[in-house]
Amino acid sequence: MPGEPAGSARAWLAELAWLPGRGVSRDVLIEAAGDRFTRVTSGASPDLVAAGVLRLPGLTLPGLANAHSHAFHRALRGITQAGRGTFWTWRQRMYEVAAALDPDSYLALATAVYAEMALAGITCVGEFHYLHHGPGGAPYADPNEMGRALIEAARRAGLRITMLDTCYLSGGLSAGGEPLPLDGPQLRFGDGDARGWAARADALGADARGMLGPAARAGAAIHSVRAVPPDQMHPVIAWTHQTGAPLHAHLSEQQAENEACVAAYRRTPAEVLFDAGALGPRSTMVHATHLTGADVRLLGESGCYACFCPTTEADLADGIGPAAALVSAGCPLTLGSDSHAVIDLLEEARRVELGERLATRERGNFTAAALAAAATADGHASLGWPDAGEIIPGALADLVTVALDTPRTAGTQDQTALESVIFAATAADVRYVAVGGQDVVAGGRHLLVPDVPSALSAAIRAVRPAA
Ligand SMILES: [Zn+2]
């Protein structure tokens, strides 16, 4: 498991590995002690490598970071594709699942979903968690019981987790611009006010470095300008400054959100978050789909991350955000599977470039290396793990190996192996995953959750509404 004490040494020999500054290298000997890499040597002679070194045929990457997840949305896969509907009718189905969850069913569902993520090469998840309380909003005996279920789920599935504990106080904005009270299933999301949120987030018990366990880190989220009035944002932001925790927020996913925000506050959502002090280099704006030119400059100058979730944004008919403009302005790009319409970071990565091509009718906006950086180093940094996501000495020993002998990847050449993987491979081509130097997936099978499809099936059946 991640977080093992230093000392136990092991090594891998990667047929090909993507290394920072060196690109794709052949015959890479990767050594680790405990949960960190100690040495990386390319051009190792396979014949001279000692027995006991695990050979990794294919292309080995650093572990992938899923920077935006709502684990329970996985139960909606498929059923929300029947008929037409909108973002808002989709949200109604999502609320039905939220209403059905309790700590036990949440633990079972999230364990299975995180195991699916591990099979897809994801070694770290940012869980944007807002389903805090029991039915009607009554706190559980431990008011963080639901959050602890998610942390335990990540541990069981072998992933790192950043618990993005989400402040969610209002149920939208009225036509007159007033925050609406929470209603129905939303009552489970609320903590009364931001100080109530901070007291509960404190009780989760992070240490001085913001750690909740060996492989769990505390973070915070402002759900959106719809759910947190501007005068309630400060306590959340102040809370993140205590430990340098990451701060995430949904931003301008739908035009209706922008229109309601401008009507209420005479400012765009990006301007409201900037004025509240929520934009900075530890911040991540999720979606960032409908932005003005001024919004793009504000986000870029703040140095915040822009987290794109292209499969969800396509699924919910959100639109195509200005990824290239945001990166040019200064925002590092990260990726998330968000609603888990599919769980495949490779698909999220290529869809950023493909969406940009469709929107601009120009190719070559993002290189495969830039997209891989979004899926690895930048994603990890946005979740508070700047020491993960690169295969270099000292970094956390997280690896994912993609097979190059599958129907999708056969015929790959060394020089363009990263391009083949980013633009054509899928989660089904992931063969091996290590987290903190420990095997989590081998031969395409999860070693900690033995039957992931059965676990998903049982957990979803327990909470899913009828189609
Ligand atoms: Zn989301």
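Strand 16 and strand 17 are joined by two bridges and run antiparallel; two strands pair here if DSSP finds at least two bridges between them. This is a predicted model, in which local features need pLDDT of at least 70 and side-chain atom pairs count only at pLDDT 80 or more, while totals for chains, interfaces and linings use all residues. Residues are numbered from 1 along each chain as its sequence is written. Helices (H or I, at least four residues) and strands (E, at least two) are DSSP runs, numbered from the N terminus. Here is a friendly tour, sorted by topic.

- Eight strands form an open sheet of mixed pairing, in the order 3-2-1-4-14-15-16-17.
- Its edges are strand 3 (36-41) and strand 17 (445-446), each of which pairs on one side only.
- Strand 4 (residues 54-62) pairs with strand 14 (residues 399-402) in the antiparallel sense, over four bridges. Within this pair, Leu59 has Val402 of strand 14 as its bridge partner.
- Strand 15 (residues 430-435) and strand 16 (residues 438-442) are also antiparallel, with three bridges. They form a hairpin with two residues between them, and Gly436 in the turn has a positive phi of about 60 degrees.
- The strands 16 and 17 make a hairpin too, again with two residues between them; in this turn Gly443 has a positive phi of about 60 degrees.
- Helix 14 (residues 417-424) lies across strand 1 (9-19), strand 2 (23-33), strand 4 and strand 14, running at about 70 degrees to strand 4. Axes are lines fitted to C-alpha atoms, for helices over the stretch in contact, and angles run from 0 to 180 degrees between N-to-C directions.

**Strands 5 and 6**

- Strand 5 (residues 64-69) has six of its six residues buried, so it is largely enclosed by the rest of the structure. A residue is buried if 20 or more other C-beta atoms lie within 10 Å of its own, exposed if 12 or fewer, and partly exposed in between, with C-beta atoms placed from the backbone.
- Four bridges join strand 5 to strand 6 (residues 122-129), and the two run parallel. Ser69 stands opposite Glu127 in strand 6.
- Cys124 lies in strand 6 and is buried, with 29 other C-beta atoms within 10 Å.
- Leaving aside neighbours within four places in sequence, Cys124 is in contact with Gly63, Ala65, Leu159, Arg160, His380, Leu383, Trp385 and Ala388. Contact requires the C-beta atoms of two residues, placed from the backbone, to lie within 7 Å.
- Cys124 and Gly158 are 34 residues apart along the chain, and their C-alpha atoms are separated by 9.1 Å.

**Helix packing**

- The buried residues of helix 5 (residues 233-243) are Met233, Val236, Ile237, Trp239 and Thr240. They cover an arc of only 155 degrees around the axis, which puts them on the same side of helix 5; the arc is that of the directions from the helix axis to the C-beta atoms.
- Those buried residues of helix 5 pack against strand 7 (160-167), helix 4 (194-203), strand 9 (216-222), strand 10 (247-251) and helix 7.
- Gly244 follows helix 5 and has a positive phi, near 70 degrees.
- The axes of helix 7 (residues 269-276) and helix 8 (residues 293-302) come within 9 Å and cross at roughly 35 degrees.
- Ala270, Glu271 and Phe274 of helix 7 make this contact with Asp295, Leu298, Leu299 and Ser302 of helix 8.
- Helix 12 (residues 368-375) is mostly covered, with six of its eight residues buried: Ala368, Leu371, Ala372, Ala373, Ala374 and Ala375.

- Ala459 is found in helix 15 (residues 452-463) and counts as buried, with 22 C-beta neighbours inside 10 Å.
- Beyond its neighbours within four places in sequence, Ala459 is in contact with Ser105, Ala108, Leu109 and Ala112. Ala459 and Tyr106 are 353 residues apart in sequence and 8.3 Å apart in space, C-alpha to C-alpha.
- Arg22 sits in the loop between strand 1 and strand 2 and counts as exposed, with 12 C-beta neighbours inside 10 Å.
- The C-alpha atoms of Arg22 and Leu48 are separated by 23 Å, with the two residues 26 apart along the chain.
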